[in-house]
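Reader: I am new to this structure and would like to learn how to read its features. Please begin with a single residue.

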Amino acid sequence: MKLLAAILLALIPVAAPAADTIGYRLSISAADPAPRVTVTMTLIGDADGMTDLDLPNRWAGSEGLWRNIGGWAVRGGTIADTDKPEVKRIRHAPRARLTIRYDVTDPDPLPPGADYHKALPWIERDWITLHGEGVIVMPSGGEDRPARFAWGAAPKGWRVASDLDTPPVRLTANQVATGIFIGGRDLRLVERIVGGKRLRFALLGQWGFTDAQLADRAAAVIAAENAMLGAGAIPFVITLTPLVQPKPTTLSYGGTGRTAGFALTGTPNMPFRDLPRLLGHEYAHRWFRASGSDDARAYWLTEGFNDWFSAQAMLRTGDWDAARWVRALNAVMKRHATSPAQSLTQQERFDRFWSDDAAQQFPYDEGQLAATIIDAQLVGAGKPGLLPLLAAVNREGGLGDRALVEARIEAALPGAMAKIQAMLTRAGLASLPADLLPCGKISVDGGVPQLLLTPGACAALAGPAPAP
């Protein structure tokens, strides 16, 4: 019987590492005036003996990112330029094993300031912060190929961290290219446990709050948002990188969603009072992520509905009371009603997204206000609000699918999308019904609407219940 069992076991195929897996290793070595950053790739070349490599090129308003990649060395083939500067070509034996090494350079000798370009590699004397879109090369058409990531050597005394240290079950090359990589002599690593999973922090710089304060608030916000959508916790990483503050009055801060975490940046005067909302918005990109190409057409949902959702989370955690929620909403309505981008076509706003502040802000505000109105109309029609609808969509396929979200809204409120789009034009905002939203009345002054909160408690602003 034991012999038979052994024979049967031998016949079961054993999963071997996929031949098309792309390995990435990021190494840091001491150099002057800044450390040297090197990426090493290993992969199997194409069957025709020719493998093209796509270099970083265009992301987040920056172009020509391939200029920050160089010092090429290839084992198993020879590398050459093509007629496109963002594409390299390696010639090799069919299906040859290739090892490709290249250096990453920072084109700006100064540390990032308030007007930073996050697509550029930040390589300073004692620290680095890199977004994958600016440093990761991949074979043409290989976005969905399986991948693995590991850190190589680092200077003595340095610590390093990435959201890819605890990757998804199946990591792809595209996920490596949307990772965050941070390291430094003074990098601080902090952990919390949320829902039985590790929440890690990798922090640079000095701030007006402690590492523990940041970690505790983030843990509370993340736990609340998981509950709101009925989602389990996942391993997650939050990085924080300082920006140079040229004047005492300069204030800049923001975040970028990553594969399994998000990256924060800010000037040292970043106010702790505003951090919970920023944390909530960035964590919510776990769900509010474009299901297709990540362009401005998706931001109505992935940014705007996210803003509505994270504002609801602030009520749930107690970081906001009803009055603060209303003040934030009124600021959005004023900005949207007076936005110069109201006079642009949708295509013009998309085209100008990275070069025009008003065009960039427009889908955020339009989406948040649409979500606010939809939630009120669902409740007014005797239906569950927007949160249960979004939770159901998330279970069905994900909150990055704008068509699916709109279809579910239309099914619950026939004709709602066209009516709400008309409400959010400049003329529509100037004539919003007084009783459009709960907990108060809308008044309009000079074409700008504002919600006046009715005194007393309001159930609609008591914080949403968890998703069923």
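Author: Asparagine 330 is buried, its relative accessible area being 15%. Buried means under 20% relative accessible area, exposed over 50%, and partly exposed in between (1.4 Å probe, protein chains only). This is a predicted model, in which local features need pLDDT of at least 70 and side-chain atom pairs count only at pLDDT 80 or more, while totals for chains, interfaces and linings use all residues. Residues are numbered from 1 along each chain as its sequence is written, and side-chain values use heavy atoms, with hydrogens and water left out.

Reader: In which helix is asparagine 330 placed?

Author: Helices (H or I, at least four residues) and strands (E, at least two) are DSSP runs, numbered from the N terminus. Asparagine 330 lies in helix α7, which covers residues 322-337.

Reader: Which residues is asparagine 330 in contact with, leaving aside its neighbours within four places in sequence?

Author: Contact means heavy atoms within 4.5 Å. With those neighbours left aside, asparagine 330 touches Gln450 and Leu451. Glutamine 450 is 120 residues away along the chain, yet its C-alpha atom and that of asparagine 330 are separated by 5.2 Å.

Reader: What share of the contacts in the protein with a separation of 6 or more is between residues 24 or more positions apart?

Author: Such pairs account for 66% of those contacts.

Reader: Is aspartate 103 buried or exposed?

Author: Aspartate 103 counts as buried because its relative accessibility is 14%. Its place is in strand β7, residues 97-104.

Reader: Which side chains make polar contacts with the side chain of aspartate 103?

Author: A polar contact is a pair of N or O atoms within 3.5 Å; within protein, one must be able to donate a hydrogen and the other to accept it, and residues adjacent in sequence count only if both atoms are side-chain atoms. The side chain of aspartate 103 has one with that of arginine 36, at 3.0 Å, and one with that of threonine 38, at 2.9 Å. Beyond four places in sequence, the residues in contact with aspartate 103 also include Asn68, Ile69 and Gly70.

Reader: How is the protein as a whole described?

Author: The protein has 13 helices and 20 strands, and buried residues make up 50% of its 468 residues. Its C-alpha trace spans about 70 × 70 × 45 Å along the principal axes.
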